[in-house]
Amino acid sequence: YFIVIFIKFKIAFVVDYIFYYSGKLPKHVLTSLNAVLSVEDDSKIYFCGSDNSKLDHDRVTFINSKYFFDSHYINKIEELEKFERLDNNPLWKTSLQRIFYLYEIANHFNIDKFIHFDNDVIVFKPFDAINTIFENSKINITKLSKDMLIFGYSYIDSLETYKKVCDTLVNIYENKKFYEDKYYDGKSLVEMRGLYLSYLEENKFFNILPTLPKENNNFLFDPGSYGQYLGGLHNKRFSKRYIDKDHQTYDLLNGKEILPVYEGGKAYINFYSQKIDLVNLHVHSKKLDKYLPKNYVEFLK
């Protein structure tokens with residue numbers, strides 16, 4: 001007699017994360033990194049920047065941004081866009097450069113698929129729990145407004161596709177005055193606008209992630225609206241429950257049809273009788289430590 005035993009194995013989907021930050025690491029960046037290390041069991045973080053003084057962890061690999069200073073993309077975008085017409089805030093420039101640093105980092109480490117989001121984002125769900133929402137060989141990314149894409153959360157499923165988007169962006173910035181005048185009434189092509197124009201030019205490369213409740217939504221992504229509502233604006237007191245009229249979420253938030261909630265180490269949306277989990281919160285106030293995922297561990301200090 002033979003006894004046959006069937007054992008059901010769950011196949012775990014593991015994907016790495018890539019971060020980029022220029023300058024000395026503030027607390028909120030470390031909190032964002034710690035959240036990834038807390039919700040993911042095996043994923044690695046590749047961090048590109050200039051400060052690695054607090055990144056000592058076996059799942060964190062640091063590379064100095066100086067390594068890529070002579071790369072084609074970094075030189076090209078430096079030549080094309082300096083944001084002379086905006087204020088002196090270096091964020092505009094580094095946010096745009098970041099798009100191309102992501103390619104250089106992934107290419108250097110032979111990473112074909114990766115997750116990336118802004119440094120003031122806290123993540124609550126591991127990739128393995130949400131991977132069915134993503135489309136293969138595309139840039140899966142959040143949309144903030146009718147004419148802006150944003151790295152509230154993104155999953156790049158093909159480095160080859162991502163390179164094509166980078167090439168599209170170079171072409172856009174080579175002809176920036178045309179695009180600024182045609183689409184933005186002459187306003188400067190900040191990173192979020194450039195990404196949206198790339199989407200218009202080559203939408204076959206993109207999959208827009210769900211940010212608004214629809215039928216059968218199991219979870220939603222925060223492009224920058226829900227975390228802003230909960231935590232307020234950066235360096236602005238008494239700004240909680242702030243709602244931006246330009247955001248796609250405005251009508252539902254303003255009409256109180258949806259309500260963002262954080263409690264018990266998770267974030268979700270109240271939508272009538274439903275509770276829809278949020279994968280992430282994009283916390284504009286930078287006070288990420290108020291919205292930690294369950295079982296959060298401070299690996300990096």
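**Strands, cores and one serine**

Hi everyone, let's start with strand E6, which pairs with strand E8 (residues 206-208) in the parallel sense over 3 bridges. Strands here are DSSP runs (E, at least two residues; helices are H or I, at least four), numbered from the N terminus, and two strands pair if DSSP finds at least two bridges between them. This is a predicted model, so to speak of local features we need pLDDT of at least 70, and side-chain atom pairs count only at pLDDT 80 or more, while totals for chains, interfaces and linings use all residues. Residues are numbered from 1 along each chain as its sequence is written, and side-chain values use heavy atoms, with hydrogens and water left out.

Back to the sheet partners. Ile-139 has Phe-206 as its bridge partner in E8. On the antiparallel side, 6 bridges join E6 to strand E7 (residues 148-156), and a hairpin of 2 residues connects E6 to E7.

Is E6 enclosed or open? It is largely enclosed by the rest of the structure, because 7 of its 7 residues (139-145) are buried, meaning under 20% relative accessible area, with exposed over 50% and partly exposed in between (1.4 Å probe, protein chains only).

Now the cores: sets of buried Ala, Val, Leu, Ile, Met, Phe, Trp, Tyr and Cys residues joined through side-chain atoms within 4.5 Å. The largest has 47 residues, and Leu-33, Phe-117, Tyr-153 and Leu-281 touch the most other members. Helix H1 (residues 27-39) gives the largest share, 7 residues. Another core, apart from this one, has 43 residues, including Ile-63 and Phe-206.

Finally, Ser-188 sits in the loop between helices H6 (176-184) and H7 (191-201), and is buried at 6% relative accessible area. Thanks, everyone!
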